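Here is a short report for a first look. Please take in the sequence and the structure before reading on.

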Amino acid sequence: MRRTYTNQEFGALGERFAAAYLRKLGYKILEKNYKNTLGEIDIIARAGGEIVFIEVKTRSARPYLSGKYSVDKRKQHHIMRTASAYTEFTGCTLQPRFDVIEIEIDRSAGRLVDINHIKNAFSQTSAYAPF
């Protein structure tokens, strides 16, 4: 059955696929769609001794441009500031890691086509790092 998804529904579907994928790998999902005054993080998870802040990019099957390219320096900065506030608020002392998960979906069928998990997709390199 063909269905038309709004962009918001399509993104939420991608995030559900990403969370299920992470759970299968043994990650513990701590937060989904975490928001504070600095920004939003799609998924926050624990993997071993790391806290992983994950940006999920959902695309239609055979996208022209990979989702990782839309996580530019500005977006990375917002994610890192939001993550810093999260760790400060929760008292988390785990090593932070920043991942991007690209989800490719057949938009008309709502079917998962592919997952690309980019671990350590970006990191804080400034001397004024939030971590």
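## Around Ile54

This is a predicted model. Start at Ile54. Leaving out residues up to four places away in sequence, Ile54 touches Leu22, Ile41, Asp42, Ile43, Ala45, Asp99 and Ile101. Two of these contacts, Asp42 and Asp99, count as charged.

## Two nonpolar cores

Ile54 belongs to the largest nonpolar core, which has 17 residues. Together with Leu22 and Ile43, Ile54 touches the most other members of this core. Four elements each supply at least two of its residues: α1, β2, β3 and β4. Strand β4 covers residues 95–106. The largest share, five residues, comes from α1.

A second core is separate and holds 13 residues. Among them are Tyr34, Phe53, Ala83 and Val100.

## The largest pocket

The largest pocket has a volume of about 190 Å³. It is lined by 13 residues. Closest to the pocket centre are Gly11, Glu15, Val56, Lys57 and Thr58.

Which elements each supply at least two residues of the lining? They are helix α1 (7–24) and strands β2 (39–47) and β3 (50–60). Strand β3 gives the largest share, five residues. How does the lining divide into nonpolar, polar and charged residues? Eight are charged, three are polar and two are nonpolar.

Helix α1 and strands β2 and β3 each supply at least two residues to the pocket lining.

Conventions. Residues numbered from 1 in each chain as written. Predicted model: local features only at pLDDT ≥ 70, side-chain atom pairs only at ≥ 80, totals over all residues. Heavy atoms only, no water. 1 Å grid on protein atoms, 1.4 Å probe; cavity = no way out; pocket = protein on both sides within 12 Å on 5 of 7 lines; lining within 4 Å. Points joined across faces, edges and corners; volume = space filled by probe spheres on them. Core = buried A, V, L, I, M, F, W, Y, C linked by side-chain atoms within 4.5 Å. Buried < 20%, exposed > 50% of the residue type's maximum accessible area, 1.4 Å probe, protein only. Contact = heavy atoms within 4.5 Å.
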